[in-house]
Amino acid sequence: MQQSIPRRKFPPVLNWTVFLVALALGPIHYGLVKLGGILSYQGAYTALWPSSGVFLIAVLLLGYRIWPALLLIDWLCNYLLFYPDNPLLSAVIATADLSDALVTAFLLRQFIRRQNPLERSHDIFRFVVLLMVNPVLSSTIATGALCFYGITPWADFLFTWRTWYMAVFAGMLIVTPVGLSWFYSFKPWGSFKAAYAATFTNVSRSQKQKLIEFTFLLLLSVSVSRVAFWGGYPIEYMMIPLLIWAAFRFEQRESTLLVLIVSIISTFGTARGFGSFARESVTQSLSLLQSFICVLSVTTLILCTVLAENRRANIKLRQANDELELRVEERTTELREAKLLADRANQAKSDFLANMSHELRTPLNGILGYAQILRAKNSNNAEQKAIETIYQCGSYLLVLINDILDLSKIEARKMELFPKDFHFPSFLEGVIEICRIKAEQKGITFSYQPDIHLPDGIHADEKRLRQVLINLLSNAIKFTDQGEVSFTVKVEHGINEATWQEAEDYPRKPLKIRFQVKDTGVGMSPEQLERIFLPFEQVGSSAKQSEGTGLGLAISKKIVTLMESTIEVQSEPGKGSTFWFEVVLPEAQEWRNTSRTTQFGEITGFEGKAQKILVVDDRWENRSVIRHLLEPIGFEVFEATHGQEGLAIATQIHPDLIIADLAMPIMDGFAMVRHLRQCTELQNTIIIASSASVFDFNRQEAINAGCNHFLPKPVQADELLGQLQQLLHLQWIYQPVDQISEIVTEQPSEAELIIPLAAELEDLYEAVQRCRVVTIQAEAQRLKQMNPKYSAFASKVLALADEFEIDAIAQLMQTNLAHDSLEQ
């Protein structure tokens, strides 16, 4: 849809431009009236009245404020030249002529909302039709006035009316395009003076050629018109190729000027009895001539406008193509540079992982290994604290390194599990609280169904298990728009207790736990079920696919496979899906002691008076874990299930510290904190906000509400104890460790390893020197296949390569190569 140009607005104030134009219009109109007389038949009837076009141009360019000047000029010409004895008739004729310009200009602005009504080809038809409207009325008024005053017989009314109408219409149709096209072609230069300078003083070579070509075309058109209308040869049709030539080679202004010149010549010649249009009947002559010049004008206007539009479109298209080519070139350069950088980054990443992994992990493994060995031996309290500090710091650094290398492990299809003891109910509660928020945002039901036989503590990789559960629950919520998502956790009783009690691999009781996620979502077809566990594979609608990467289920399946299980799925399109897996996890009876152990030993209490802790949470699992962590070391723990109950208990016991959940029924944590801060007796009570949502704005919102600190869920024992020590200014009492069971990891003795010959280890030694893990693994497999006696050595090399222990491999090889050299 094209945007229309706003109409020109003319203030009703006379200025020098209007004044000068008004002065110039007098002589111009007088000359055109004289020209009309020359072009008329018998001095009375003319096929073309140029003044009607000039008046319309004046109104379109200067506005309605020019009408007094036009009325005065036309009245003077009529009075002086045609009706000197009848000033009233002169006024009626002048009013009729003025109405043509005013009414037609008004119609053009209403129906063609552009400054230049000849700018678009689809407006040409409207322009021609609108020119035909008002002359009907003005010709009727003027002809009636002539008949009324006896200048024209009433018997000739129709002939006079038609002649007047066609002369006015032809004048506007032929003269108006000439004036408008020349005016708007000069407009970008700002003034006629600038146009003159640009046309005649700064003419380029191509412009000179165009000027010569137009001069030749003009002379040729005049010659053809002279021959056709003054020479008696019927070759009027020869004007059509010339006008087409002008339309293709020049702008609208040159073409319309040629039409005007041809119209004047043809009108003059026909009025003198020359040419094919000259007939004995004036009516026939005028009809043929006016049809000819009007058809030439309309055809030329349409052709010029269409060609001008094509030129503008081609210019825009070329500009768009140039911009597009420039953008494509820039984008191609960026992509080429990005690809080069990506290739270099991939190579650098491979080199970095091969080199930095052993540079960091090898000394760190030594630190952690000897720390564990020293920690297992008897030592005094001070040494034990120092060793524990070393071990904890090294473990934390190892976690960071493993996180950095996590992407590499996924790409290499390697992933490790790091099991530990943790509180199972609070772990599950943290998972479901996170997913319940997503379900509530979508307006679907989320239900959690735990087994009453669930253990308090288990031994598993908390991070990876949480990753699998959150992924399955998030997918179920994402693909369920109505209905319910249910999460079921229960203990399967299919393990023979006698078997696990006798097995050395299970020092603690193993439990088979079933995790099941069921939804009433879109479901999947059998074909989709075959693809959902593939990397980067997504099913469902494109809107749902845009919410993920397609890696979640693939990684989850890998994690569950490492747990020696598999993810099963049942689904039906339109009815929902059920995902489940069963894993065997050892029960952790001593999870409390493990959680309370710091680098200084196990916390058994604190110095000073007893401390009262109020836990306000609507979930019993959250209250239970804090109670089990704090009561054994001397805290008095009180519980409340919502904010209103928490206020009542706090008023009674005046706790030293309150741990409050933020999302609770009846009264949430924010409202409770605000009430506490307004209470005189409890306004200084220390408050820790606890929530499963750990975004920065949630933390800041809790602090702004009046909380002293923020504790994310699931609650980590070391973080909880650290905040209590800081906020309550506690001094912990630790239990010194006098006897620790020595942990011995049996490894194959190097003396039992059969080392390949030095010549057989050259390629392996070179790969170790270059830190090429893939080559090391390939060489180890080759040695194993070469001779079965090298299997133990190759297996040890593979195990060290899996851990990126390049230095250990090098040391093993150097020791045995040196031993081999001594034997030789």
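Biologist: Quick one on R120: buried or exposed?
Modeller: R120 counts as buried, at 14% relative accessibility. The cut-offs are under 20% relative accessible area for buried, over 50% for exposed and partly exposed in between, with a 1.4 Å probe and protein chains only. Keep in mind that this is a predicted model, where local features need pLDDT of at least 70, side-chain atom pairs count only at pLDDT 80 or more, and totals for chains, interfaces and linings use all residues. Residues are numbered from 1 along each chain as its sequence is written, and side-chain values use heavy atoms, leaving out hydrogens and water.

Biologist: What does R120 form a salt bridge with?
Modeller: With E119, and the closest N and O atoms are 3.5 Å apart. A salt bridge here is a side-chain nitrogen of Lys or Arg within 4 Å of a carboxyl oxygen of Asp or Glu. E119 is partly exposed, at 22%.

Biologist: How many salt bridges in the whole structure?
Modeller: The search finds 16. One of them pairs R311 with E251, at 4.0 Å between the closest N and O atoms. R311 sits in helix α12 (282-376) and E251 in the loop between α10 (239-249) and α11 (252-271), so the pair ties together parts 60 residues apart in sequence. Helices are DSSP runs (H or I, at least four residues), numbered from the N terminus.

Biologist: And which residue does E631 meet?
Modeller: R627, in a salt bridge of 2.1 Å, N to O. Salt bridges with shared partners join R623, R627, E631 and E639 into one network. E631 is partly exposed at 36%, and R627 is partly exposed at 23%.

Biologist: Switching topic: which residues of α5 are buried?
Modeller: In α5 (124-131) those are I124, F127, V128, L130 and L131. Down the axis of α5 they fall within an arc of 165 degrees, so they line one face of the helix. The arc is taken from the directions from the helix axis to the C-beta atoms.

Biologist: How many cavities of 30 Å³ or more are there?
Modeller: Four. A cavity is a set of points on a 1 Å grid, over the protein atoms alone, where a 1.4 Å probe fits but cannot get out; lining residues have an atom within 4 Å of a point. Points are joined across faces, edges and corners, and the volume is the space filled by probe spheres set on them.

Biologist: What lines the second largest cavity?
Modeller: H29, W49, S51, S52, F55, D97, D100, A101 and V168. Helices α2 (50-62) and α4 (87-111) are the elements that give two or more residues to this lining. The volume of the second largest cavity is about 70 Å³.

How values were computed: On a 1 Å grid over the protein atoms alone, a cavity is a set of points where a 1.4 Å probe fits but cannot get out, and a pocket is an open set with protein on both sides within 12 Å along at least five of seven lines; lining residues have an atom within 4 Å of a point.
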